[in-house]
Amino acid sequence: MRQDQFDALQERAEQLIDLFIEESDPQAWPGAGLQPAKMDKQTRGDRYWCKKDAVATLACAQRIVALVDQVRQKTAGGDDSPAAVSDGEDELDKEVAEAEAQAQALMDKVAREARKREFDRRVHGKP
């Protein structure tokens, strides 16, 4: 990997983390301050999309940081072969799939908890 590529990756990770901080602010999501029962279907869907988008941004940033760390370790170990760094396409695909699975699991958990809260509120009158 060339130095300019390495520097660009570090800069991109910082940009994505800044973006994640903005995207993950619950006060900026549609329906901020409203109870789920008071939101219409569109607002709930938009809110869910905002959460999912923030998680995807974080997953992307995490993968870039992991790649930067991998390059740092190989450089520190004296392995300056470009093939050693770029030969992991299959591994990268697996990592992307794992990140997507983790993000989906997190979103499923959030949705499951929201459905349970709504059910408890409706059936048992719990807040």
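Modeller: Helices (H or I, at least four residues) and strands (E, at least two) are DSSP runs, numbered from the N terminus. This is a predicted model, in which local features need pLDDT of at least 70 and side-chain atom pairs count only at pLDDT 80 or more, while totals for chains, interfaces and linings use all residues. Residues are numbered from 1 along each chain as its sequence is written, and side-chain values use heavy atoms, with hydrogens and water left out.

Colleague: Which element holds Leu-58, and is Leu-58 buried, partly exposed or exposed?

Modeller: Leu-58 lies in helix 2. Buried means under 20% relative accessible area, exposed over 50%, and partly exposed in between (1.4 Å probe, protein chains only). Because its relative accessibility is 30%, Leu-58 is classed as partly exposed.

Colleague: What separates the C-alpha atoms of Leu-58 and Ala-103?

Modeller: Along the chain, Leu-58 and Ala-103 are 45 residues apart. Between their C-alpha atoms the separation is 9.1 Å.

Colleague: How many helices and strands does the chain have?

Modeller: From the N terminus on, the elements run α-α-α-α. The count is therefore four helices and zero strands, by the DSSP runs defined above.

Colleague: Which residues does Leu-16 touch?

Modeller: Contact means heavy atoms within 4.5 Å. Leaving aside residues up to four places away in sequence, Leu-16 touches Thr-57, Cys-60, Ala-61 and Ile-64.

Colleague: How many disulfides are there?

Modeller: A disulfide is a pair of cysteine sulfur atoms within 2.5 Å. Cys-50 is buried, at 17% relative accessible area, whereas Cys-60 is partly exposed, at 39%. By the sulfur rule, the number of disulfides is zero.

Colleague: What is the accessible surface of the chain, and what share belongs to carbon and sulfur atoms?

Modeller: Accessible areas come from the Shrake-Rupley method with a 1.4 Å probe; for residues, only the protein chains shown count as cover. Of the 127 residues, 20% count as buried. The accessible surface is about 9200 Å², and the carbon and sulfur share is 53%.
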